[in-house]
Amino acid sequence: MLPERVRRFIETEALLQPGQRVVVGVSGGVDSMVLLEVLRRLGYRPVVVHVNYRLRGADSDADEALVRRFCRWHRLPLRVARIDLKARTGGRAIQATARQVRYAFFRRVALREGIEVVAVAHQRDDQAETLLLNLMRGSGLEGLLGMRPKRRLGRENVWLVRPLLPVSRAEIEAWARAEGIPWREDVSNASLHYRRAVIRHEVLPLLARHFGSGVAARLAHTAGLLRAYYEATFRPELRRRWQEVADESDRALRLEPLRTQPPVWQQRLILEALRRWLPGAPQRRRVVAQALRLLQAQPGRRLELPQGIIWRDRELLRFRPRLRSVWPDEGLLEPDRPLPLAGGTLIATLLDAVPERLDEGAPLVAYVDADRIRWPLRVRRWRPGDRMQPLGMRGHRKISDLLTDLKVPVDQRDRCYVVSQDGEIVWLVGYRLAEPFRVRPETRRVVKLCWKPDPPLPEKA
C-alpha cells in the first residue's frame, strides 16, 4: 500500500516524528492532494497551505475551492495566500518567482505556527525530470544529485521534506482513483512553453519507448547513487579545500592558496563563495569565469552583480553583498531636520557664531558659509562623472579620483554621499569640503553639516 511505503521512507530518511504537526503545501493537483491524505492517515497533523497565483482565472479559483472543501470536510486548518503573480513579474520568469513566493509563504506559516517541517509533493518522476533538466543546463555534478529528501528551508530552523520521493506519478494517480481522492488538473503543466513540460511530455516518453518503461525510476536511482557518492567523497573534500582558501570573517578567498588549486576546484570554490556570501547571485559559468579573471587583475578591480560586488584586494578576493536598508539613499536636507539615509543620518545646524576650530569633529563634520547656501540641499550617492573643487584647490577633480587618492576601500566607495546645491557639490560627505563653500574671515553665519553613521551590526554568533 502506498501509505505504508511513504511511512517507511519517512522513517528511513528521518523526515518526521510520529504524530508531528507539519505544514503541507497543497496546490489541488493529484500529487499534493495524495500527500495530504497520506500524511493525515498516517497520524500526522497537517496545517494546509495553498497559494492562488491568479494566473488561470476561474481555474485558479476552482483549485482553491477544492482545497477549501477538502480541508473543511476533514476539519484541517488552512492558510491561503492570493497573489497576482503576473502583475508582480510582468510575465517574465513566472515559474521561478512562483517558487520563491510559494516557499516564502510556507516558511512564514511554519514560523508563525511554531512548526519545524514543511512537506511538499515532489515524487519520483519529478526527480528524473530534475536530473535531465540539470544535465541539459550543464549544471555539473551537484546538479545531477536531484532533489534531497530533506533540506533546510531558509536560515531558520524550518525543514523542507519530500515524503513522496520514492513513489511514481502513475502509482499516485492509481491510489487517488482507488481511494476516491479528488484533484484538479493544471492544464498549464502540459504547455511546452516550459522546459520541464518538454521533459515530461516529450523527452521522457521518448526515452521510455526506446529504453523501457522503467527509465524514470532508473534516472531517479542514478540521482540517489550520485548523492551517496557526493556525501561520502566530494563534500568532505570540498570542506577541506574551503578551509584552506576561505577567510570567513572577511568574506574573502585568499588568493595565494586559491591559485594553487586545480582549475576545476577554483571554479567550485568560487561557486561556494557566491552561495555563502552573495545568496541569489547567478551561479553561471560566465560569472565564475569573470570572478576568476580577477585573480590576475590589478588590486581594486571588481565584478558588479545585482546581489553584491566581488573585488580584488592585494591578497584577497572579497565578496560584499549589497546592503539593504529601510531608508532611501537620497533626499533633501534642511536646517534642524535630520535626514535618515541608508547607512546613517545627515544633520544641518545653523550656528550663530563661527566655531573656534573648523576641524572639530572632522572628517564627519564640515562647516560651510551659511550665506552661500540656498535650502534645501540635495543629498545623494556620488555618480561616475561627478566633479568638485576640493578645499584649497583652484581646479575641479573627479570624485572617483579623490576617493582613489584618499585610499577609500573599493567596497566602501559606492556608499559615499555628496551634498549638492544646484548641481554643484558642497561636500563629499566624510572626506572633502568644496572650496566655494568654505568659511572665510568675513563669514558671520555658519552651517554645521554632521554625518552620523549607523553603528555596525553585531556579528551573529
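**Helix H9 and the cores**

Author: This is a predicted model. In helix H9, the buried residues are Val215, Ala216, Leu219, Ala220, Ala223, Arg227, Tyr230, Phe234, Leu238, Arg241, Trp242 and Val245.

Reader: On which residue is the kink in helix H9 centred?

Author: Helix H9 covers residues 215–245 and has a kink of about 45°. One of its buried residues marks the place. The kink is centred on Tyr230.

Reader: Which elements do the buried residues of H9 pack against?

Author: Among the partners are two strands, E7 (246–247) and E8 (252–254). The helices are H6 (124–137), H8 (195–211), H10 (255–259) and H11 (263–277).

Reader: Does Arg268 count as buried or exposed?

Author: Arg268 lies in helix H11. It is in contact with Glu142, Phe234 and Leu238, leaving aside neighbours within four places in sequence. The cut-off for buried is under 20% relative accessible area. Arg268 has 12% relative accessibility, so it counts as buried.

Reader: Which element gives the largest share of the largest nonpolar core?

Author: That core has 36 residues, and those with the most contacts inside it are Leu2, Leu16, Val22, Val34, Leu39 and Val48. Elements giving two or more residues to it include helix H1 (2–13), strand E1 (21–25) and helix H2 (30–41). The largest share, 7 residues, comes from H2.

Terms used:
Residues numbered from 1 in each chain as written. Predicted model: local features only at pLDDT ≥ 70, side-chain atom pairs only at ≥ 80, totals over all residues. Heavy atoms only, no water. Core = buried A, V, L, I, M, F, W, Y, C linked by side-chain atoms within 4.5 Å. Buried < 20%, exposed > 50% of the residue type's maximum accessible area, 1.4 Å probe, protein only. Helix = DSSP H or I, 4+ residues; strand = E, 2+ residues; numbered from the N terminus. Bend = angle between axes of the 7 residues up to and from the residue. Contact = heavy atoms within 4.5 Å.
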